[in-house]
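Welcome! Here is a short tour for anyone meeting this structure for the first time. Have a look at the sequence and the model before reading on.

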Amino acid sequence: MFFERPGGGERAILVHLEGQDPAAREDPQEFQELARSAGAEQVGFVTVSRHQPSAKFLIGTGKVEELRDLVHEGEVELVIFNHTLTPSQERNLERVLECRVLDRTGLILDIFAQRARTHEGKLQVELAQLEHMSTRLVRGWTHLERQKGGIGLRGPGETQLETDRRLLRVRIRQIKQRLEKVRGQREQARRGRKRADIPSVSLVGYTNAGKSTLFNTLTEADVYAANQLFATLDPTLRRLELPDIGPVVLADTVGFIRHLPHKLVESFRATLEESSNADLLLHVIDAHEPERDQQIEQVLAVLAEIGADELPVLEVYNKVDLMEGIEPQIQRDADGKPGRVWVSARDGLGLDLLRQAIAELLGNDLFVGTLRLPQRLGRMRAQLFELGAVQRESHDEEGGSLLEVRLPRVELHRLLSREGQQPAEFLEQHTLQ
């Protein structure tokens, strides 16, 4: 029989394993930051050197005994492992330590549950939690016998565990149906933006790289931004005006992390599709982070998982204010295209360069030239001025307007089509070289 599980507690001991396969290795500093973000009060940090994890406890029995003594001495209510535990390992550890045991996936899920603000975000988190819980149902129950008989107590012949699993499956199916509807609504909105030829730009990057701060500074929004992991869960879209390009939609998305649980990627697929359907990705990188190369690899791995690895990417190296000898700048590739921009989102340094780089990458097909507009196209002239596309205006002998313009070619074609003009013919006859 299992002990009664306590409702919760914030005094925690953190357990980190060293000596594992380098590909599976976790960062102890990031682990402590995750625990802090979840609201845990760190009582102790235990490092275990073990090359071959134990099937029963993950760690050796000697370390388990040592942990039990620490738990009792410090009145600890929670032990968190910086690794994925199997359901049986969690169960065995809880039985010996007599406190709650949480693994890395459970910790990240808890942070997501705290951060979710919108209805959609809460649904996505609940789905991930339920799918995680479905493999661990057995550990919380002390009544695994058949449901008792008698008048009013005759059940369908299921064990309590089977009943709970069935109810979980029903709830998971309901949430997936709701999220499918959300996905459809997002897809409809994206189609509307594509019809209006409004480019979309998505911020992606490792958690706490400064995406939300950059988003707020660029769009003058007030998205929650804090120096903690997963401060942003719910995607936020804002309009951003760019020189020569006009309006674009900028999306702030959830941050990635090393070994992001697959269940979370699946649950947040509707949200992450904002990135996979963008015209341009801004990969925000913490330039001051010692392990930034590993973080870049993790972000690229998640982008590949959601099918966004083939999209154009502009790397944004953030937090240059924390570095010596680095000035805001644009670094270009061999073809002269912007590939990397160094900025400080907090201090607003280099943001004009960033806007310029985005405009260059989105405005590859830009029309720059002089148009001769007859007086009958006065409405089109007014619209070109409204778009800020007119650089200079003069007039010909017949009273028509000579406009030096600079705007996306697709925008010009749309204006001409509205006026009943054939774009190819009009540009051939009315463009001055």
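Strands S1 (residues 11-18) and S3 pair in the parallel sense, over four bridges. Across this pairing, Ile-13 stands opposite Val-79 in S3. Keep in mind that the model is a predicted one.

Let's step back to the whole sheet. Four strands form an open sheet in the order S2-S1-S3-S4, with parallel pairing. S2 (41-49) and S4 are the edge strands: each has a single partner strand, so one side of each lacks a neighbour in the sheet. On average, neighbouring strands are turned by 20 degrees against each other, direction ignored.

Which residues of helix H3 are buried? In H3 (residues 87-97) they are Gln-89, Glu-90, Asn-92, Leu-93, Glu-94 and Leu-97. Their cover includes helix H2 (61-73) as well as strands S3 (78-81) and S4 (100-102). Just after H3 comes Glu-98, which takes a positive phi of about 55 degrees.

Finally, a look at an annotation. An unreviewed UniProt entry places the feature "binding site" at Ser-212 and Thr-232. Ser-212 belongs to helix H7 (residues 211-219). Is Ser-212 buried or exposed? Ser-212 counts as buried because its relative accessible area is 8%, and buried means under 20%.

Technical notes
Residues are numbered from 1 along each chain as its sequence is written. This is a predicted model: local features need pLDDT of at least 70, side-chain atom pairs count only at pLDDT 80 or more; totals for chains, interfaces and linings use all residues. Side-chain values use heavy atoms; hydrogens and water are left out. Buried means under 20% relative accessible area, exposed over 50%, partly exposed in between (1.4 Å probe, protein chains only). Helices (H or I, at least four residues) and strands (E, at least two) are DSSP runs, numbered from the N terminus. Contact means heavy atoms within 4.5 Å. UniProt positions are given in the numbering used here, feature names are shortened, and annotations may be inferred rather than shown by experiment. Two strands pair if DSSP finds at least two bridges between them. Axes are lines fitted to C-alpha atoms, for helices over the stretch in contact, and angles run from 0 to 180 degrees between N-to-C directions.
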